[in-house]
Structures are given as C-alpha cells and as structure tokens.
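Take a look at the model below. The report that follows starts with one chain as a whole and then turns to a single residue.

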Amino acid sequence: MMRRYAGILLMLSLAGCSTLPKPTEPQSISAADTLLAQADNKAANGETVQAIAILERAVRLQPRNARAWLRLAELYLTRHEYRKAEQFAGRAVQFAAGDPPLIQRSKALIKQANELQNEPG
Amino acid sequence: MPKKQPPRKKSKPATKRRWLTWLLLILFISSLGLIGYTAYLDQVVQKKFEGKRWSVPSRVYARALELYRQQPLTPENLRTELDLAGYQATANGLDPNTYRHSAGRFMITSRAFRHWDGEEPARSISLQIKGGVVVQLSDANSEQPLSLVRLRPVEIGIIRPAHQEDRILVQLEQLPPLLPIALQAIEDRKFARHPGIDLQGIIRAAWANLRAGRVVQGGSTLTQQLVKNFFLNSERTLSRKINEAIMALLLEWRFEKPQILEAYINEIYLGQDGNRAIHGFGLAAQFYFNKPAQNLTLAESALLVAIVRGPAYYDPRRQPQRAIERRNQVIETLHRDGVISSSEAAAALASPLAVAPKPNRGEGRYPAFMGLVKQQLAHHYRDQDLRSEGLRIFTTLDPIIQQTTERALVKQLERLQPDRAKLQAAAVVSRLGSAEVSAMVGAAEPHYWGFNRALEMRRPVGSLLKPAIYLTALAQSQRYTLATLIEDEVINLPQSDGTVWSPANYDHISHGAVPLISALSQSYNQAAVKLGLELGLRSVADTLQQLGIDASIPPYPSVMLGTLELSPLAVAQMYQTLADRGYYTPLRAVRDVLDARDQPLQRYGLNTEKRFSSAAVYLLNEALRLALREGTGKRVGAQLPPSLSLAGKTGTTNQLRDSWFAGFGSEYLSVVWLGNDDNQVIGLSGASGALPIWAAIMGEIEGNLEPLPAPPNIIRRWIDADSGLLADAGCEARFELAFIRGTEPQTYAPCSTRREWGVLDRLKKWFE
C-alpha cells in the first residue's frame, strides 16, 4: 500500500518536473542577453550610437558581462575609435575568466586596435 | 487749366462738420494707436511670460529600476521605489500607476514611458520576490514571461540648467494648501473673480491714499503684482500704472487663473540675500526655514505670505517684531475666514518665528546629487543645448541606495550628536564597472539644502592617501611585494623653514621592519613616509593623478600623510580606480538627456582607461581587505558578514578633526566623511566615526556577488611575518600572501623547518 502511494508520489513529482521549468535555469533568455540582441539589431541598422547606449545599459545591469564589454569594443572599432576599442576590450579580458575563446577574441581586438592606432595618418 | 477755388468762407455747419471729422480722425488714430500699443504689450507680456514661467523647465529623473528574474531585490525596496515613483497602492493594482502587494507578490500597472533609448509600453506586470530575489516576472494579461522590464523612474527635481538664476520651482499642488489660500486672503481677495484688475480695490486704495495724503494702501491684484515683478521696475508713475493694468488684463485674457497663481508663487520677490534676490516661495522656504516648501507649517506659510507686502520692511531676521505682528494678522485673517480652527490658530500664533540662522539654497529631495548633476551638465553638454526647453535628464541616482545611505548616516549621527552638536557629514556611493554615482549626501540633514560637502568641500584626507604610496611600490613588482619589509622607525626631516618634521604613528610606537601589507593595513605613518621618500614624491604624486585626482599636489612629504585636501567625490574617484582593478572610469551622474521632442542630445558615453596593472592593484586591494578585517578597520570590519568581499581604508586627521572611510565591495564603492565645518576637533577616528556608517551602507547594498577572480598571474605563498620569507608549519606568525608569479620570495624563513633546504628548493624549482 505504502509502496503504491510512494510510486504515485514519485510519478506526480516527475510529472511536475516535466511540465514546470526548473527555477534555477533561466526560463527564457536572460536580461543581459535581451539587451545584447537589441544592441545587435541597432548596430545592424547602422544605429551605432543607440547600440552603444544599449550595451552600456547591459554593463550597468551586469558590470562583469564580458560579452557586453567586447561588443562595445567592437562597435568602437567600427567607429574608428581605436583607443576606446582597446580599453573596452581590456575590460572584457578582465571579466572573461573561464571563457578562453572570449579572452582570445578580446586580445585579438586589442592587438588590432593597437595596430590601427599606430598606423600613420 | 484754371482751378476751381474753394469758397473762402465756410458756413457754420461746414466748420462744425470739419471739426467732427478731425475729432473722429484723432479718435480713430488714437484708438488705432491704443490697439497697436495693446497688441505690442500683448507681445511683451506673452514673451516675458513664455520666457519666464512658461519656459518648460527640465525634469530630472533617477535611474529607472530594471526588473528581471534572478535580480536581488527585497519587497520593501520595491515598495519604496514604487512609492517614490508615485504609484498608488490599491486593492488590485490594475489601474494605471497603481500596484498591489502581498507577501512578495506584486501586480504593477504602468503607463507608457519614453526612456531615453526607447519607449516602455503601458502594461500590467506580475512579479514575485522570494528570498530577496525576483523569481517570476510576466505580463499580467498574456501571462508571457518577460525578460526585462523598466519601471518609470522617480522624478527627482525640476531645473533650468542653463539659467543662472536659482529658483526652486514649485507646482501649486506641492504647496501646503493653506499657503495659496492665505495669499489670496491677504493680497487679493477677489483673485478668483476679477479680470486682472480690481476697480473697487483701486478706488478704495485711492480714497485711502487721498485721505492720508500719501500712499498707504495698494490696490494691486496678484496679477498686477506679477506683472510688476516681471518688469522689475518699482517707479510709481501713472503711465506705468496704466501699462501694468493693461498687461494684467492681457495676462488674464491669455492664461488661466491657476497658471497665473503658479507663476506668481514662483516669481514674487520675497527677500534679499546679499546681491541675490530671493524670488518665489520655493526658494524663500529654503532661505528662511531651510526646508522644502512642501514642509512649511501653518505659521511658516503665514510668515511668507506676510512678507510679500514688504520683504525688507518685514524681514523676519532684521525686524522680527514687525514680522511676527504681520504674520499673526495673516493667521487671524485665516481664522476669521473659517479656514483654520481656533486651536490651530492659537498654536500658530504662539509659535516663534523659527527662522533658520543661515540662508541656504537648493531644490528637491536630493540637493547634493542635484548639485553634481548640474555640475556635470554644465561640464559635458553644450550651453546652447541646455538652453532648449523641456529637457528630460536621466541620471544615475538610485533612490533605494540613497535612502539607505541617508538612514545609515542619520542614525549614526543621532548616536553621536549629543556630544557633537555641530557634527557634519558627507557620503558618496558609486557602482563598480559603470562608475555611476548611486547616492550622494552633502550634509547631516540630507534633504535640506546647504553647503554640499560631498562635492564642494575640501578637507585633509589623512591615511586615505596611503594606498597611492603602496600602489606606486607594488607597480614596481620586481622591487616590492606584499612581503617586502618596510622600516617603521623614527624619521626626522629638516624643513626649509628650519624646523624638523618627525611624523609619529597613531599609537606612538615604531614597529621596526614590517611586511608591506602590514604597514598599509595597520596604517603606520613612519613606514609610509619612509617608503614614499624611497619611491620619490614625484612618482607618488603621479600615481595619485593616474588614480584620478586632478588637484595639484604640492611636493611636501607631509602630503603623503594626507595633508592634501580633497572632496569626498574626489576620494571616491581615486578609490573607484582601485575598485575597478586599475581601470580609471570617470564618475558620472548623468546618463542621457532628451530634448522636448524626445531626441537625444549629443551624449557622452561610458569611458574607461587602464592606468595600472591589474595584478598590482589586486595586491594593493589584498592589503585593503586586510586593513578592514584585521587592521585599522577591525573593530567594525571583523563583524561584517564574511561572505562580503570588502576592502577599505580609514582616514583620520590631526587630533581627530576629520573621520573618513573609503572602501568597496564587489558591486559598490562608498566614501563617508564626518567633521565640523569650522574644523574643530570631533574626537572621532576614521574607524570610530565614518566606518560604522560605511559598514551599515555596504552591509545593506552589497549583494553576495563573488569577488572578481584574481588575475591569472597571481599565486599564493605562506609567508613568515617576521622575515617576509617563505614559511611552513614551523613558523608561528605566518600568513598567506598573493604574489605576481615570479616575484615571490625564493628562500625559507629562519623559523621554517625547511630552512636548510632553501638552496635545494631553489634548484628543485629550477627544474620544475
């Protein structure tokens, strides 16, 4: 008898698991991701200033969001603001511990920005 | 061709006709002139009016609260935010601008709001907070989860950034309701009914003046007084009187009564502060009572109304007897009119004038922060842009953190005040990463305007400066590590004036050779000066400038012990660079500005610049962590939750005149100062005065964000405190220190059981 109840309880709880999202996992995309996507949209439309402003909002929300810092660096690079690009990519490196590809991309951008800065003219 | 001559002699009727024609012509021309003149005056009045009161002032907003899942937020703080933003608590929370709350579950309904980067639509959201975290956030109608919602920001002030005049604009509904009633009862009983001028009033006044043989009574309506104030001309000529009357009529024709009354309230002359004219009840409330107009009592409102007739004649500071007599007339009039009860009248009549001793200036609830906003606007935005009307200014103020800061400060001051009546205070809180100023307090009474100590005051910073010396050293990583021994011993420095400067330690003991980390965390003065001289004053000054101090730094050794005078904001800027691991990011209070057509003004974005190696700053911050937990900050620091990764430095100046604490955690930085305006001794050290406030603020606002991982080139070694060399179980006083890889000591301390293997060890390392 007890065992049967236990079985039902187990089934119920399993059913619960399958229908309800787990609270620890994000139920949809995160707040910062939403902003990163918005910024990408703006940037794709050529609205770089707006995109930068939105990324700054992401940085405010999550000051350690390395991807947001790197996106800022990339946008400054397209605007030929090389010094800023280099500095923002530096912040990305600062926060990218545990994400080697992101560190690599950031360092590559620093190098590129550096070269462009030193280019004559 | 011969001309037909007109008859020389005219008949009488003809002459009469001609005269009539002339008369009509003159009448016609003069009425044309009058119409023209009136039209001209109409232009003048409108222009003046539009240019003055009807220029739409700029609205200043706090940061918008962003809501998202997993966000740390307590129900209490959300309610504070909603209340400040003007949401009403209701039973269902479904009407615009209302909310419902029960046990962590919220229903919030907002109107659409145009943020600087886009519009937040009108909607109802449902939200749940559990264990201090937002666990659910969705659209209440569609039940779709929402990833990010921005609430309408709290409006924190109204300013006219490009106007030099300082005026605290108040809206009618912000005033105590009795004030406009009293104003009309005393100055213009028929205001609600007359067309701008009050003929009966004029006749009555003229009769009274005629009988007296001089001007004893004015028949001016509020509208006429307003016109008079606009044109700042007090000559009493007939032509001016007529002008005034026409303009008053025009004004009434053009604008509604409440608009005119509001303009009057913001325009009328109410006193003189040196060469500064006090216009408007908002500024007058600050000037006379050092408080916002909203908070005026009955007696205070009555006094301001009493002053209108003659601000100099009834000056409550110089002519208290006249002022109180006239104030009491106002109160009695209100009582006679049945506006106030007998007991209210009696209480008001019995109350003293209670005029504040010192004039103050200001606006809004957050005077210190608004001061910073104005400064940054003037600095970063073009004057012509700021002159445009109806700007919307989005700032970084976090009203919840501001409230936390104010409360922590006021609470500690209440505890200390009985012994220290004049104790003043200032505080700055900023966010790591974005370097946004979240809160600012400039006085012991945070809401009352006055000297903004957080921004305008310069005081010696004491030991707050020492991190600059130690960072200069640690940046030379081959020469200095946290384990390097520094001599803490008596120093005698001959000065140019023939005297000898010999700085003492706080405990008046010299501690001998101490590891660099202890010298800083215990804030030994002699070790700091010794090290500073070794490094050279020039390089220490350079470090200070790199950290973000833009004051000129005099080349005296005493500067290193903090005779340099800085504002709390400048200290925050310096520590921000430390908190951000060597990245200098200018502190900012303004995010964006929209013009009246919702177009963004030229924005100045986030900026950041690497000034120091992250590893060197990491080491320095290790010492500041130790300073808080086990060094000079131990008394309070040891009791802070171990889960918070906090670091900071005490600052105490000569004979306990200034009490400072500056420090940071994983998310925020704050700086607290206590002292007296006249630089008297307050008897508080940084640890006993400012630190408890700092700890109360940080304990509230710091979440449990993990500390930022150490830079990759940082390693840790056990070190013997006596020798600064490698330690093992054989050493009693040992502690684990961080090193930049390759700079750690290579030999073992005498206390170590492995001492004799030192050379072998090195060999072994070599092969590793």
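## Chain B at a glance

Of the 768 residues in chain B, 46% are buried. Buried means that 20 or more other C-beta atoms lie within 10 Å of a residue's own; exposed means 12 or fewer, and partly exposed is in between, with C-beta atoms placed from the backbone. This is a predicted model, where local features need pLDDT of at least 70, side-chain atom pairs count only at pLDDT 80 or more, and totals for chains, interfaces and linings use all residues. Residues are numbered from 1 along each chain as its sequence is written, while chains are lettered from A and ligands numbered from 1 in the order in which they are written.

Chain B holds 23 helices and 30 strands. These are DSSP runs, numbered from the N terminus: helices are H or I with at least four residues, strands E with at least two. The overall dimensions of chain B come next.

| Property of chain B | Value |
|---|---|
| Radius of gyration | 35 Å |
| Span of the C-alpha trace along its principal axes | about 145 × 80 × 75 Å |

The radius is taken over C-alpha atoms, and the rule is 2.2 Å times the number of residues to the power 0.38.

Now for one residue. B:K422 lies in the loop between α14 (399-416) and β15 (423-431). B:K422 is exposed, because it has 12 other C-beta atoms within 10 Å. B:G675 is 253 residues away in sequence, yet the C-alpha atoms of B:K422 and B:G675 are 8.4 Å apart.
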